[in-house]
Amino acid sequence: MWRAYAVSTLGTLLALDAFPLIAVLALHVGPAQVSMIAATSGTAAALLAVPLGPWIEFQYKRRLMVRADLVRFAVLVTVPAAYAFGSLTYAHLLVVAVVVALADIVFRGASGAHLKELVPQRLLMEANGRFETVQWMATAVGPPAGGALIGVLGPVVTVLLDAVSYVLSALGIRRIAAPEAEPPVRAGGASRWAEIGEGWRVIAAERELRLLFANSVLTGALIMATAPLLTYLMLHDLGFSPLEYGLAFGVPCLGGIAGARVSRPLVKRYGRRTIMLVFGVGRAVWLVGLAFVGTGIGALLLVMAMELGIITCMGVFNPIYATRRLELVEAGKVARMVTAWTVSSRTAIAVLTALWGVLGGIVGVRAAIAVAGVLLIGACAFLPWRREPSGVTGDASPEAGVRVPG
């Protein structure tokens, strides 16, 4: 399972900027159409995935994961094929992006439910840290390597590598030898709409889960909404070179690797709640400072330092948060909860990215980033500050739950 996650994550990050680059270099579209690829694919996939939670829940998860991988391979490989024959179109790219995003949501929902039963409870926190380590290693290596490959071999090579990575992921999942548990049985009498809404009802029913949901959705959406603005600020207004820009965000990923490595020891030493609060706040306080960076080597080092702070805190926080999220949900509802969570997160990212693009045009890029930074600090109010009653959801079992790969 870990090997499948590692290879597919590296493939995805190698091809992180592939579709925008293909749209610009091969199809010669404008900036609005480039932005529409991410916005349309994320929103459309999230809307299409809304009714899929119950379907994922009541199926064999390993089979769904393999099929999701093979679907992603099949649609991605059409891009280099069409490019080779000179028939690639913008509409083709949009359709592929939507299908890949939808299959990704299916994979996440199935993998969260399956991995919780696959990994022994005493090893779950360690598994979370290993998945987080892979994520930051791939983030540090993938985009620069992908850019270099595109520069040498052309704009579609990383798409082909991403497609192959999903075949390898499917093979890895097929090699899991442990027998898979029977999927939960659908309760009789429940309406289709009730089943679709169950994931959100599970989240709403538990106070701590509600808080983590609000915090994670807001935090992820605000950070992602400012990413295009920060790119514009650094490359256009401040005159950073592409190499400097890559270093500013690549080198700090080492902090994510280190954070993931120390997450479990910190929880064992200081307790889950303390570490979650400290590093949950820690990942939120840096963004506002990025609105005030200047020019020159000092500014570059300052950006790297602030990104290092954000990413290190995320590296520590994410495995703990993912563990806690899964601990609070009974096994037969995990897939629906994860699907609802993913749909909500992706919708929020698409909406706030569009809103912050408009805001940046009205008040300026720096002001828009600063507003997002202040709101990000405010989102810390949704961390679980109040200690839960002893014996209910306290720190007694810090290793229950699992990170959702995919």
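Predicted model: local features only at pLDDT ≥ 70, side-chain atom pairs only at ≥ 80, totals over all residues.
Local features were considered at pLDDT of at least 70 and side-chain atom pairs at pLDDT 80 or more, whereas totals for chains, interfaces and linings use all residues. Residues are numbered from 1 along each chain as its sequence is written, and side-chain values use heavy atoms, with hydrogens and water left out.

Helices are DSSP runs of H or I with at least four residues, and strands are runs of E with at least two, numbered from the N terminus. Helix α5 (residues 61–76) and helix α9 (residues 157–174) have axes that come within 8 Å and cross at roughly 160°, the axes being lines fitted to C-alpha atoms over the stretch in contact and the angles running from 0 to 180 degrees between N-to-C directions. α5 is therefore roughly antiparallel to α9, where angles under 35 degrees count as roughly parallel, over 145 as roughly antiparallel, 65 to 115 as roughly perpendicular and the rest as oblique. Residues in contact (heavy atoms within 4.5 Å) include M65, L70 and F73 of α5 and V164, Y166 and I173 of α9. By class, this contact of α5 with α9 holds 12 nonpolar, one polar and five charged residues, with Ala, Val, Leu, Ile, Met, Phe, Trp, Tyr, Cys and Pro counted as nonpolar, Asp, Glu, Lys and Arg as charged, and the others, Gly among them, as polar.

Helix α8 (residues 124–153) also packs with α9, at an angle of about 125° and with the axes 8 Å apart, which means that α8 is oblique to α9. Here G146, L149, I150 and L153 of α8 meet V157, T158 and L161 of α9, and the contact comprises five nonpolar, two polar and no charged residues.

For α11 and helix α15 (residues 296–327), the packing angle is about 155° and the axes lie 13 Å apart, so α11 is roughly antiparallel to α15. The contact of α11 with α15 divides into seven nonpolar, two polar and four charged residues.

Four aromatic pairs were counted, a pair being rings of Phe, Tyr or Trp (its six-membered ring) with centres within 6.5 Å, and planes under 30 degrees apart counting as stacked, over 60 as edge-to-face and the rest as tilted. The ring centres of F213 and W341 are 5.2 Å apart with planes at 90°, so this pair is edge-to-face. Because F213 lies in helix α11 (residues 207–237) and W341 in helix α16 (residues 334–363), the pair ties together parts 128 residues apart in sequence.

The unreviewed UniProt entry annotates several spans as "transmembrane region", including residues 211–233 and 365–385. Residues 211–233 are 100% helix and 0% strand, with end C-alpha atoms 33 Å apart.

Conventions:
UniProt positions renumbered as here; feature names shortened; annotations may be inferred.
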